[in-house]
Amino acid sequence: MSDRTMRRQALLFVLVLSFGSAAGQVSYSIPEEMVKGSLVGNIAQDLGIDLQRLKSGKGRIYTSGGAESIELDRDRGILLVQERIDREEVCGGTTPCALHFQIILENPMEFYSVTVEVTDVNDNVPMFEKSELKFKISESATVGSTFMLEQAMDMDVGVNGLQSYMLKPTDNFVLKLQSQADGSKTVEMVLRKPLDREKQAHLSLVLTALDGGEPLLSGTVQIHVDVLDANDNSPVFTQKIYKSIIEENAHKGTLVMSVSASDLDEGSNGKISYAILNSLDGVTKLFEVNGENGEVTLIGNTDFEKKRQYQIHVQASDEGGLTDSCKILVEIVDINDNMPTINIMSKSSVISEDVPPGTVVTIINIQDPDSGENGKVSCSVNDNIPFTITSTSNNFFSLVTDGDLDRERASEYNVTVMCSDGGVPSLSSSATLTLQISDVNDNAPVFETSIYEPYILENNSPGLSVFSVKARDADWRQNARVSYIIDDSFVNGVPISSYVSVSADSGVIHAVRSFDYEQIKDFQFYVKAQDGGSPPLSSNVTVKIMIQDQNDNPPQVLYPVQTGGPLVAEMVPRSADVGYLVTKVVAVDVDSGQNAWLSYKLQKATDRALFEVGLQNGEIRTIRQVTDKDVVKQRLTVVVEDNGQPSRSATVNVNVAVADSFPEVLSEFTDFTHDKEYNDNLTFYLVLALAVVSFLFITCLVVIISVKIYRWRQSRILYHPSLPVIPYYPPRYSDTLGSGTLQHVYNYEVCRTTDSRKSDCKFGRAASQNVLMMDPSSTGTMQRIQSEKNILDEPDSPLEVS
């Protein structure tokens with residue numbers, strides 16, 4: 001058949017039958033033997049699918065058998081012939097012949113059923129299995145005797161199939177066709193004129209089989225007839241049609257049927273032999289007949305799913321050449337010998353964890369070629385998973401989500417689909433689909449605790465790593481990548497960024513500055529942990545940094561005050577008893593804890609046997625009776641030491657005057673070494689005055705400035721104090737640490753003079769002071785009187801000079 005004729009037939013036979021869109025089905029009709037690339041139909045137009053959807057959904061063809069004769073052109077939305085289709089190879093004698101497949105779309109999952117009917121083309125010639133047939137017919141055969149001829153086979157169907165036979169010549173024989181129940185026709189050669197061996201011992205005939213195609217095709221077989229002598233009785237079967245039922249997959253050697261024929265002749269003319277006539281349909285490969293007794297047995301394997309019925313034509317022949325024939329109808333009974341076949345149509349194995357319940361995960365095609373209950377399949381999935389399986393249509397099931405998915409609870413599911421048929425016993429099969437759950441940013445970072453309270457020693461170096469915060473995110477990859485940020489805040493009006501910083505990746509907190517416990521003891525801020533999702537999720541944690549004290553401050557002595565001014569002395573009367581409170585050393589330490597615990601020790605003393613210092617309270621007391629032999633000037637050195645590691649200390653000098661009256665004290669303290677300091681100061685002023693006078697001498701103001709300097713200098717000389725000054729000391733002084741108080745009030749006589757150059761004294765009223773201020777550089781005395789009230793009310797009031 002030419003290509004041009006094929007194309008013309010393709011154009012004539014292509015017919016599109018489109019079902020309703022709700023059914024999702026479309027049917028086409030094409031002739032067989034179309035060339036590769038021939039158009040089957042516009043599937044996109046017929047299904048109403050947009051070409052963009054066909055591309056984005058990765059449209060493809062799915063066939064349960066695996067062999068694809070039709071291909072999908074997604075770019076044009078059409079179906080094309082992928083390879084030449086031979087209807088006889090695909091369907092054999094089955095009509096109509098149809099190809100069934102599905103169009104699969106993903107995201108979301110959709111499928112449509114497509115049926116392509118392959119129509120027959122007259123491309124097969126009627127054929128006989130044998131090239132010639134031989135008959136031995138007795139000359140005594142009566143007119144009307146029939147002789148079974150071999151049937152021709154034509155793989156085409158319908159009008160293109162076998163239609164008629166023609167026998168030539170027709171001098172002695174004519175053809176007789178008999179229709180069968182299955183639509184086939186038996187061919188018999190009928191004797192229309194008696195044979196005469198003496199006239200013609202051998203006849204040659206031609207049997208032609210014709211189909212109804214266009215052009216007409218035919219096949220021939222030669223018939224050779226040998227005319228025998230007188231055998232006038234033909235074999236006769238007991239019945240023309242026999243019926244048998246066997247199960248598929250019956251064992252070889254199974255008896256199918258016993259046929260029997262009889263012949264009234266005697267001798268060799270009555271001896272019957274049996275043979276199977278049909279061979280082109282594969283019957284002789286499955287069945288055989290015993291030539292002597294007519295038993296038909298099974299020699300092959302039958303399969304209900306391939307063929308459900310067989311027709312066996314058996315011929316009985318005597319040795320005289322006379323024959324008869326019968327037909328055996330063998331029904332094949334189905335048994336449950338096929339397990340369901342599970343075909344997972346979608347290859348997608350990743351599902352987002354936020355898909356709603358009822359989402360179709362994949363579509364599964366189940367095939368069971370058995371019939372009836374043996375081919376009825378039900379499916380289920382394994383327990384304790386959020387998936388279920390539902391029937392979509394015949395042989396199709398959908399795997400859908402049956403609950404909420406959570407990747408943090410389960411990141412992968414092994415879904416086992418189990419399918420079983422309704423046979424007895426039931427056959428089943430299973431397939432496992434591994435589904436990966438993709439992550440969605442639905443978990444915020446979580447800190448290990450709600451508050452962190454790290455400790456850091458003061459005087460730390462800037463950049464020191466203090467500690468680490470840690471937050472965990474149950475999500476995956478980028479959604480679980482945590483970065484750390486310090487929230488903007490202020491500590492004592494200073495941005496928190498001036499105090500600490502945080503490593504965005506590791507969460508390590510670093511000190512930006514060196515901390516001083518005496519300035520700040522603790523501070524708090526917030527650290528935010530933020531993941532890398534879109535949008536990002538975050539959480540906060542409170543961080544309270546506690547500054548730990550170090551012993552970095554020595555004790556500070558509050559009393560007695562150590563200055564470079566007049567000498568301060570404590571008076572002890574010679575009548576003082578043992579335990580007399582001389583004074584109290586008062587000190588503080590700005591550190592805390594044991595770093596601020598102070599102890600007092602007497603380091604040096606003029607007479608160590610006369611005084612002692614309280615270890616805890618710093619009180620200086622006499623440890624024996626004061627005598628007249630004790631010197632007036634007593635100098636004590638007290639060490640104040642804290643309890644830190646290592647400890648720090650401070651020293652203080654305490655001057656004590658052992659005397660009953662001021663004149664006695666003054667006579668002892670006037671020769672102190674302060675004269676040298678005074679002379680040094682006087683020399684400094686003289687040099688400075690000389691320089692100033694020399695400079696002002698050059699200018700016009702030399703005289704005026706000189707006079708002012710002279711007057712200023714004279715006033716300073718006239719009013720300069722020359723007697724010891726008694727400083728302020730509270731009569732009932734309480735130490736800052738609360739370790740003791742001075743409970744005694746002492747009265748001393750204080751003298752003063754109006755002229756620093758005179759040595760005579762005037763005695764005033766008794767004062768409420770027991771502390772002496774000695775200035776060794778003075779040559780005279782001055783009395784200073786302050787009432788106890790003035791001292792308490794005005795501690796900083798100036799001295800009264802008369």
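Asn249 is partly exposed, with 38% relative accessible area. That value falls between the 20% limit for buried and the 50% limit for exposed, so the intermediate label applies. The model is a predicted one.

The backbone of Asn249 stands out too. Asn249 is not a glycine, yet its phi is positive, at about 65 degrees. The residue lies in a loop. On one side of that loop is β17 (241–247), and on the other is β18 (255–258).

Is Arg477 buried or exposed? Arg477 is exposed, with a relative accessible area of 62%. The label follows because exposed means over 50%.

## Two cis peptide bonds

From Ser534 to Pro535 the bond is cis, and omega is near 0 degrees. Where is Pro535 found? Pro535 sits in the loop between β43 (522–530) and β44 (538–548).

The bond from Tyr559 to Pro560 is cis as well, with omega near -5 degrees. Pro560 belongs to the loop between β45 (556–559) and β46 (567–572).

Terms used: Residues numbered from 1 in each chain as written. Predicted model: local features only at pLDDT ≥ 70, side-chain atom pairs only at ≥ 80, totals over all residues. Heavy atoms only, no water. Helix = DSSP H or I, 4+ residues; strand = E, 2+ residues; numbered from the N terminus. Buried < 20%, exposed > 50% of the residue type's maximum accessible area, 1.4 Å probe, protein only.
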